[in-house]
Amino acid sequence: MLSRRGFLPILAAGASRAGASVSRTPRRPNIVMLYADDLGYGDLGCYGHPTIRTPNLDRLAARGMRFTNWYSAASVCTPSRAALLTGRYPVRTGLNHVLSPGSAAGLPASEITLPQLLRGAGYSTSMVGKWHLGDRPQFLPCQRGFDTSFAIPYSNDMTSSPVPGVQSSVAYPPLPLLRNDKSIETNPDQTFLTQRFTAEAVRTIRSAGRRPFFLYFAHTAPHVPLYAGPQFRGRSARGAYGDVVEEMDWSVGEVMHALEDAGHLHDTLVVFSSDNGPWLAQRQQGGSAGLLRSGKTSVYEGGMREPCIAWCPGLIPSRSVNSSVCSMLDLLPTFAALAGAALPASLVLDGQDIAPVLAGAAGPERELFYWNDAELRGLRRGPWKLRVNPGFSPGGGTPGLGAPELYNLDEDPSEEYDLAADRPVLAQDLLARMSAHAASVTPR
Ligand code: MG
């Protein structure tokens, strides 16, 4: 079952030459969204990791576009996924924090989802991997726009199965494995999850037929606990975390092989990213944000800036590195535009169509906001970032909570040098912009 083929060329010779001008955008491309769980900005070979081997993702980046200023809309799982599938800041959807098993909350029925839009435009829609947008029946994938699903409903550590080396103070129910929203197993052997999810993704691609398809493959890896398959365990110099990332990279290769075998190399857009930054509290079991500060749960860059690779021959120029400020929020309007899916006029979106950016254009000037657990905690505008502490009100500040911090992310990507005292007028201007944004948003 586990293929160990060598790395075939992703593209036929001459299909896309390095630096070649882009001439023909595939009409209504298939869309494959690959989403890692807790992968850090610094955890891939093409993002500078010295020991984790990711040849398939490195190749995808070399044949497509690698982003260096790509943001999640949240620093933890549930709100990040909600933002991806709605194009809206989590504060608007009410999914501001991580959901636990049995939670009464979930992605509200009033929210229009990406798979709903694409299905309405004639796409078949499939979801594989980790859901985490509500585990009550009305919130599961097939109720929220997917034709099929093969998934666990929340994170892989929320299980009654003993986790090696982890003492949990929470008594979780058995972890279900769902097919089309119905439980078919409990506490599946996680050693084989990536392999099983990959086989499902491959089957989905091969059986797609003539309709365009949308495949959302949200990996359970490399979220702790780490379970690498037998053929990857003990292989990475980075240890158990590296084993899991390298298996995920193998999975990317299998997906690309399936696209090639099914004749879809020239009419498919593939995007790879991560829901949030590395879980640093797990020490060596967690990942790395590289030169970025902090990780998961934080609004410093390491929590919310993610690796992102996009590949689509005919649309995306090969060997491109793009430093435009872009967001997971942009994927819904972008995919909708490429698919010819109409957006309801009443829909308030926080993302924008970045198809021109994918084609090589510079990104537009924009303001991107850092929300964390229903609090507005920061703003990026150009190279500048303003960050405030929890509890700080952008409208007037709160004594004892510290002053806003100001960073120039182009010059200081690690957020080491607070310039607020040197640039008080700029800091005040950004604070006023944050205040205006906060006043414009109606929290759910
Ligand atoms: Mg996560």
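The model is predicted, so local features need pLDDT of at least 70 and side-chain atom pairs count only at pLDDT 80 or more, while totals for chains, interfaces and linings use all residues. Residues are numbered from 1 along each chain as its sequence is written, and side-chain values use heavy atoms, with hydrogens and water left out.

Salt bridges come up first. A search of the whole structure turns up 21 of them, counting a side-chain nitrogen of Lys or Arg within 4 Å of a carboxyl oxygen of Asp or Glu. One of these pairs R81 with D275, with the closest N and O atoms 2.9 Å apart. The two partners sit 194 residues apart, R81 in helix 2 (residues 77-86) and D275 in the loop between strand 8 (268-274) and helix 7 (301-304); helices (H or I, at least four residues) and strands (E, at least two) are DSSP runs, numbered from the N terminus. R81 and D275 are both buried, meaning under 20% relative accessible area, with exposed being over 50% and partly exposed in between (1.4 Å probe, protein chains only). The pair also belongs to a network of salt bridges that links D37, R81, K130 and D275.

D330 and R366 make another bridge, at 2.8 Å between the closest N and O atoms. Here 36 residues separate the partners, and each lies in a loop: D330 between strand 11 (326-327) and helix 8 (331-339), R366 between helix 9 (355-358) and strand 12 (367-372). Both D330 and R366 are buried. D147 and R119 also come within 2.8 Å, again for the closest N and O atoms, but D147 is partly exposed at 32% relative accessibility and R119 is partly exposed at 34%.

On the cysteine side, the tally is 0 disulfides, a disulfide being a pair of cysteine sulfur atoms within 2.5 Å. For C312, the nearest cysteine sulfur is that of C308, 13 Å away. C326 also has the sulfur of C308 as its nearest, at 8.1 Å. C312 counts as buried because its relative accessibility is 1%, and C326 is buried with a relative accessible area of 1%.
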